[in-house]
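Subject: Structure handover

Hi,

Here is the structure for you to look over. My notes come after it.

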Amino acid sequence: MTTISSSTAVTPTAATNTGGQQLITALGGGSGVDTKSLAQNLVNAEKMPQQKIIQAKIDKCNATISGDGALLASLGTLNTAFSALQNKSGLDAVMIDVTDSASFLVKSTGSAEVETGFHKIHVTAVAAAQRSTQPAGSGFADASSPISQNSFSLTITPLGKSALTVAIAAGDSASAVVDKINKTAGLGVTAQLVNKGSGSTPYQIVLTSSASGIGNRFSVVSTNSSLNFADPPLTPAADASLTVDGIQLTRSTNDITDAISGVTLSLFSPAPVDIDTHVQISRDTTKVKDKITSLVSAYNDLQKTLKTVSASDSTDSTIGGSLVNNSIVRTVRNQIQKLMMDESTTPGGTVKAFRDFGVTIQANGMMAANDAKLQTALDKSYADVVLALSGNIANQSSATVERRGLAGDAVKKLTALIDTDPSTGKGAIATQISGAKKKITANNDDLQKLETRMATLLKRYTQQFSTMDTLLGNIKSQQAGLKSTFDGMAAAYSNK
C-alpha cells in the first residue's frame with residue numbers, strides 16, 4: 001500500500017482539480033471561492049510542461065558547451081606537446097664540455113647532424129675589422145664647429161673595389177662629415193665621432209670596416225689637411241687563424257660554423273702557444289625523450305576526455321555524457337588517431353612514423369611508448385627522428401604549407417580544429433559552441449514568450465473568475481432576498 005505524505009507537492013493537474021472542487025463546494029454551500037489561486041493553478045497546468053521542454057533544450061546546449069570546452073582544453077594541451085617537437089631548432093639535444101674557455105666559446109647550432117666526439121682546438125689569431133682614425137694630436141675642439149672654410153673630399157677605397165668619394169662642403173662640422181660618410185652607399189665603412197675626453201681637440205672621427213678580415217680592409221685619402229687619417233690604421237684588418245683536429249683554418253670572421261658540424265666556435269682571444277683546448281660534443285637525448293613522453297601523456301588525457309563526454313553512464317558531474325552521440329567526438333577521435341598512425345610527410349631513412357621509435361596506440365585506444373625502442377632510435381637514428389618530426393624546418397610558422405613532418409603537420413591540423421578566431425571562420429568545435437549559444441538565446445526568447453502568454457492567460461482567467469464571482473454574489477443576494485420574502489409570506493400565513 002502506497003502512502004502519500006501530506007507534505008507532498010501538489011501537481012498542476014491536482015491543483016486544478018482541487019480548484020474545481022472548491023468551486024463546486026462554493027456553489028453548493030454558499031462559501032466564497034479563491035478565484036486567484038484557481039486561475040494560477042490553471043495557468044501552471046498549461047505552462048509547466050512547455051517550460052520543462054524548453055529548459056531541457058537549454059540544459060542540453062549548456063552541456064554541449066561544457067563538453068566542447070573540455071575538448072578544446074585537452075586538444076590545446078596536445079597541440080602544445082606537438083609544438084615542442086615541430087621545430088628542428090627546438091630538438092637541439094647537444095651537450096658540450098670544454099676544458100678551457102679562455103680563447104673561444106662553443107655553441108650548438110641546433111643541427112641534427114652534429115659531429116659528436118672529442119675535438120682539439122688551438123686559436124692562433126682572432127679576426128679584426130680595420131679601424132682608422134686621425135693622427136695623434138689632431139682632432140676637433142667640438143662636434144659642431146666647421147672643419148674647414150673650403151670644400152674638399154674624402155676618397156675611400158675598399159680592397160679590390162672601386163674608389164668612392166664623399167664630398168665635404170665648406171663649413172661642414174665633424175658631425176656632418178660623419179653623417180655624410182654613413183649615408184654613402186657601398187663604402188663598406190662606418191664612421192663614428194669619438195670624444196676622448198681630454199686635450200684641446202678631444203673629438204676624432206673613427207672609420208671602421210663593416211666586416212672583419214683582411215679582405216675587408218680599406219684606404220682613405222683626404223684632399224684637405226684639416227681631416228687626415230693615420231697610416232697604419234689604429235687596428236689593422238686581420239683574419240682568424242686556428243687549428244681544429246690538426247687542420248689549419250683561416251677565416252675572416254670570429255664566428256666559425258664550418259669547423260665542427262653542428263656547433264659554432266666564437267673566437268675572442270689567441271691561446272698560449274703550448275695550450276690546446278679540448279671539446280667534447282655528445283647527444284643529450286633526454287630533452288627529446290621528455291617531449292615525446294609529454295606528447296603520450298597529452299594524447300592519453302585527450303582520450304580520457306573523449307570517453308567521459310561521450311559516455312551516457314559517466315559519473316563525472318561536470319562533463320559526463322555531455323556529448324553523447326555527438327559527431328564532434330567522432331571527428332576528433334578519427335583525426336587524432338590518424339595523426340598518430342600516418343607516416344611522416346618527411347620520413348627519415350629508418351624512421352617514418354611514430355611506431356618506428358616505439359610510440360604506438362594500444363587496443364584500449366591509449367598510447368604507450370616503448371622506452372627501449374625509443375632510446376635506440378634516438379641513439380642510432382637521431383637525425384631521422386628529427387627529420388620525421390620536424391621536416392628539418394628550424395622554425396615552423398603558419399606560412400609553412402606542406403611537408404612539415406609528423407609534429408608540424410599535427411600542429412597545423414590541431415590549430416585549425418581548435419581555432420576560435422571569428423576572422424578565420426572558426427574550427428569545428430568553436431562552430432558547435434557558437435551554434436549552441438545561439439540556440440540558448442533562442443530558447444530563452446521562447447521562455448520569455450511563454451511567460452508573456454501565460455501572463456495574458458492568467459489575466460483573462462482572473463477577469464473571468466472575477467466576473468463569475470460577482471455574478472455568484474448577485475445570485476446569492478437574490479437568493480437571500482427571495483428567502484426573506486418567502487419566510488415573511490410563510491409567517492403571514494401561519495398567523496391566520
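Below is what I found, element by element.

First, a caution: this is a predicted model.

Helix packing. Helix 2 (residues 35-83) packs against helix 4 (residues 286-310). The angle is about 165 degrees, and the axes are 8 Å apart. Angles over 145 degrees count as roughly antiparallel, so helix 2 is roughly antiparallel to helix 4. Their crossing is left-handed.

Surface patch. Four residues make up a nonpolar patch on the surface: Leu482, Phe486, Met489 and Tyr493. Phe486 sits in helix 9 (residues 428-495). Its relative accessible area is 54%, so Phe486 is exposed; the cut-off for exposed is over 50%.

Cis peptide. Look at the bond between Asp231 and Pro232: it is cis, with omega at about 15 degrees. Pro232 belongs to the loop between strand 9 (218-222) and strand 10 (240-244).

Positive phi. Two asparagines to check:

- Asn325 has a positive phi, near 60 degrees, without being a glycine. It lies in the loop between helix 4 and helix 5 (327-341). With a relative accessibility of 71%, Asn325 counts as exposed.
- Asn392 is not a glycine either, and its phi is positive at about 60 degrees. The loop between helix 7 (382-390) and helix 8 (405-417) holds Asn392. Asn392 has 29% relative accessibility, so it counts as partly exposed; that class runs between the 20% and 50% limits.

Best regards

Conventions:
Residues numbered from 1 in each chain as written. Predicted model: local features only at pLDDT ≥ 70, side-chain atom pairs only at ≥ 80, totals over all residues. Heavy atoms only, no water. Patch = residues over 30% accessible without salt bridge, like charges linked within 9 Å, V, L, I, M, F, W, Y side chains within 5 Å. Areas by Shrake-Rupley, 256 points an atom, 1.4 Å probe, with all protein chains shown as cover. Salt bridge = Lys/Arg side-chain N within 4 Å of Asp/Glu carboxyl O. Helix = DSSP H or I, 4+ residues; strand = E, 2+ residues; numbered from the N terminus. Buried < 20%, exposed > 50% of the residue type's maximum accessible area, 1.4 Å probe, protein only. Axes fitted to C-alpha atoms, helices over the stretch in contact; angles between N-to-C directions. Parallel < 35°, antiparallel > 145°, perpendicular 65-115°, else oblique. Left-handed = near helix turned anticlockwise from the far one by under 90°.
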